Amino acid sequence: MQALLGLAAGLIFGIGLVISGMTNPDRILAFLDVAGVWNPSLAFVMVSAIAVAAPAFAYVRRQGKSLLGVTIELPNRSHFPPRLIIGAALFGVGWGLSGFCPGPAVVALTHGDSRIALFVLMLAIGWLLADWLQNGLDARRSDTAGNTK
């Protein structure tokens, strides 16, 4: 059941990205070009997304679980670990250079553009590299913790 709901949510998200034009990197880059020909359409998409997501976040903050009863832990608002800040900066640079973020890029794969395929390939390599680095750091921490006993 959860998988079907996840699939439905992903399809709705993808359809929304296509309808709003957010799978077009030129539209994203025009939004980021505040000194040039600025296109505010992404701002309207973001405001709409916040309006839809805010009640769900409020519910989860109160209940601590989803409508299906799955426990959800939201991040702490007062602590921002360095890896979050570094990751957000890298995300922003990649977004600004390419005009894509992960969701729209996966949806845009259906366009058959080799540049999009290359972006998604690099995205996957980045995820694997980040996972590998995190596993290495976790192993190093556990080794260090084990040696101090």
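The following questions and answers go through a predicted model, one part at a time.

In this predicted model, local features need pLDDT of at least 70 and side-chain atom pairs count only at pLDDT 80 or more, while totals for chains, interfaces and linings use all residues. Residues are numbered from 1 along each chain as its sequence is written, and side-chain values use heavy atoms, with hydrogens and water left out.

Student: Where is Thr23 placed?

Tutor: Helices here are DSSP runs (H or I, at least four residues; strands are E, at least two), numbered from the N terminus. Helix α1 covers 2–20 and helix α2 covers 25–32. Thr23 is therefore placed in the loop between α1 and α2.

Student: Is Thr23 buried or exposed?

Tutor: Buried means under 20% relative accessible area, exposed means over 50%, and partly exposed is in between (1.4 Å probe, protein chains only). Thr23 has a relative accessible area of 7%. With the cut-off for buried at under 20%, Thr23 is therefore buried.

Student: Which residues does Thr23 touch, not counting residues up to four places away in sequence?

Tutor: A contact means heavy atoms within 4.5 Å. Not counting residues up to four places away in sequence, Thr23 touches Leu17, Val18, Phe100, Pro104, Val107, Ala108 and His111.

Student: Why do the buried residues of α2 line one face of the helix?

Tutor: The buried residues of α2 are Ile28, Ala30 and Phe31. Seen down the axis of α2, these residues fall within an arc, which is that of the directions from the helix axis to the C-beta atoms. They line one face of the helix because that arc is 160°.

Student: Which helices do the buried residues of α2 pack against?

Tutor: The buried residues of α2 include Phe31. Their packing partners are α3 (41–63) and α4 (82–98).

Student: At the start of α2, which backbone nitrogen does a side-chain oxygen of Asn24 reach?

Tutor: A polar contact is a pair of N or O atoms within 3.5 Å; within protein, one must be able to donate a hydrogen and the other to accept it, and residues adjacent in sequence count only if both atoms are side-chain atoms. At the start of α2, the side-chain oxygen of Asn24 comes to within 2.9 Å of the backbone nitrogen of Asp26.

Student: Which backbone oxygen does the side chain of Ser20 reach?

Tutor: Ser20 is found in helix α1 and is buried, at 19% relative accessible area. Leaving aside neighbours within four places in sequence, Ser20 is in contact with Arg27 and Val45. At 2.9 Å, the side chain of Ser20 reaches the backbone oxygen of Gly16.

Student: How many salt bridges does the structure hold?

Tutor: A salt bridge is a side-chain nitrogen of Lys or Arg within 4 Å of a carboxyl oxygen of Asp or Glu. Asp113 and Arg115 meet in one at 2.7 Å, N to O, and Asp138 and Arg141 meet in one at 3.5 Å, N to O. The structure holds two.

Student: Why are Asp138 and Arg141 separated by about one helical turn?

Tutor: Asp138 is partly exposed at 36% relative accessibility, and Arg141 is exposed at 53%. Both lie in helix α6 (residues 114–147). Their separation is about one helical turn because they are three residues apart.

Student: Is Arg115 buried or exposed?

Tutor: The salt-bridge partner of Arg115 is Asp113, and Asp113 is partly exposed at 24% relative accessible area. Arg115 has a relative accessibility of 63%. Arg115 therefore counts as exposed.

Student: Which residues make the nonpolar surface patch of about 450 Å²?

Tutor: Patches are made of residues with over 30% relative accessible area and no salt bridge; like charges are joined within 9 Å, and nonpolar side chains (Val, Leu, Ile, Met, Phe, Trp, Tyr) within 5 Å. Areas come from the Shrake-Rupley method with a 1.4 Å probe, and for residues only the protein chains shown count as cover. Leu5, in helix α1, is partly exposed at 39%, and Leu68, in the loop between α3 and α4, is partly exposed at 48%. The patch is made by Met1, Leu5, Leu68, Val70 and Ile72.

Student: What separates the C-alpha atoms of Gly96 and Pro25?

Tutor: Gly96 lies in helix α4 and touches Leu29 and Leu32, not counting residues up to four places away in sequence. Gly96 and Pro25 are 71 residues apart along the chain. Their C-alpha atoms are separated by 9.5 Å.
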